[in-house]
Amino acid sequence: MNHPLDQLRQTGIVPVVRIESASDAPALAKALADGGLLAAEITFRTSAAADTIRWMRRTVPEMFVGAGTVLTPEALNEAIDAGAGFGVSPGFRPEIACESVRRGMPFIPGIMTPTEIEAAMAAGFETLKFFPAEAAGGMKMLKALHAPYGNLSFMPTGGVTLANAADYLALHYVSCCGGSFIAPTDAIERGDFALIRQRAREVSDFIGALRSKMSDHKE
Ligand code: 3PG
C-alpha cells in the first residue's frame, strides 16, 4: 500500500490555504482539481477550516485534503472528524504528535532547529515541515539541518514560490513543498477561482516538467 503522504509527494507543491468561508470550499476544490492538483492543506487559522475540509472532500472525493496550523490536540481531532487525510503543524508539540499517532493520522510536525528535529525524531516522525523555510535560511539552512539526520525528509514551507521550488525539490530529502501562492485568500474572497485554477495548472505543469527533467539527477 502507498504511504498516505505519497499524494503530497506527487503534488510537489501543496497549496496552503487560509479560507474565511466554507461556502467557497466547493469552488476551491474544483479549481485546484481542474488545474491538476489533488492535494491541499487547509489551515486552522479560521473557523471555516473544518467545514472547508468536509466540503472539499464531498466535491472532489479523490482530493487529499489535510489540516494545517494544527496547534492543539482538539484541533487535530476536529480535523480528523471533518475527514482530513493528514495534519501539519508549524512547530513540534508532543501532545499533538502523540494524539496523531493514537488516532492513526499522518502528521507532519514543523521544525527549524536541530533540537526540534531530534524531539520529532524521538516521537517517531520522519517527514518534517521545515518552517518558515525562506525566513529560516532557505536552502542553505535546510542542507545544514539535514546533514546529521540522513533518514529524514522535509516539506519546506514559508516563502516557497515557483522561483525557488525547483531548488528545494531537487534535494532527494525534500518530499514536497507547501505554498499559499496557489490559492491566495484574497482570490478566494473575491471569487477569482479562474486565477486559482490557472496557478494550480502552472504548478502541475511545472512539477511535471521538473520530474521528467531530473528523475535521475537528485542530489
Ligand atoms: C504556512 O502556513 O505554512 C505558511 O504560512 C505558508 O507560507 P507562504 O504564505 O509563504 O507560502
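Thr-69 is found in the loop between β3 (64–68) and α4, where helices (H or I, at least four residues) and strands (E, at least two) are DSSP runs numbered from the N terminus. Although not a glycine, Thr-69 has a positive phi of about 50 degrees. Its relative accessible area is 10%, so Thr-69 is buried; the term buried stands for under 20% relative accessible area, exposed for over 50%, and partly exposed for values in between (1.4 Å probe, protein chains only). The model is predicted, and local features need pLDDT of at least 70, side-chain atom pairs count only at pLDDT 80 or more, and totals for chains, interfaces and linings use all residues. Residues are numbered from 1 along each chain as its sequence is written, and side-chain values use heavy atoms, with hydrogens and water left out.

Pro-132 is placed in the loop between β7 (127–130) and α7.

Phe-131 is also one of the residues around the ligand. A polar side-chain atom of Arg-45 lies 2.3 Å from an oxygen atom of the ligand. For Ser-180, an N or O atom in the side chain is 2.5 Å from a ligand oxygen atom, and for Gly-159 a polar backbone atom is 2.7 Å from a ligand oxygen atom. The ligand taken alone exposes 320 Å², of which the protein buries 79%; these areas come from the Shrake-Rupley method with a 1.4 Å probe.

Ser-89, in the loop between β4 and α5 (94–103), counts as buried because its relative accessibility is 3%. Leaving out residues up to four places away in sequence, Ser-89 touches Val-70, Phe-107, Ile-108, Pro-109, Gly-110 and Lys-129, contact being heavy atoms within 4.5 Å. Pro-15 lies in strand β1 (residues 13–17) and is buried, with a relative accessible area of 0%. Beyond four places in sequence, the contacts of Pro-15 are Leu-32, Leu-37, Ala-39, Ala-40, Glu-41, Gly-179 and Ile-182. Pro-15 and Ala-67 are 52 residues apart in sequence and, C-alpha to C-alpha, 11 Å apart in space.

Ala-82 lies in the loop between α4 (73–81) and β4 (87–88). With a relative accessible area of 6%, Ala-82 is buried. Apart from neighbours within four places in sequence, Ala-82 is in contact with Ala-50, Ile-53 and Arg-54. The C-alpha atoms of Ala-82 and Phe-107 are 15 Å apart, at a sequence separation of 25 residues.

His-146 lies in helix α7 (residues 138–146). His-146 counts as buried because its relative accessibility is 9%. Not counting residues up to four places away in sequence, His-146 touches Leu-152, Phe-154 and Tyr-173.

Conventions: A residue is near a molecule or strand if one of its heavy atoms lies within 4 Å of it. A polar contact is a pair of N or O atoms within 3.5 Å; within protein, one must be able to donate a hydrogen and the other to accept it, and residues adjacent in sequence count only if both atoms are side-chain atoms.
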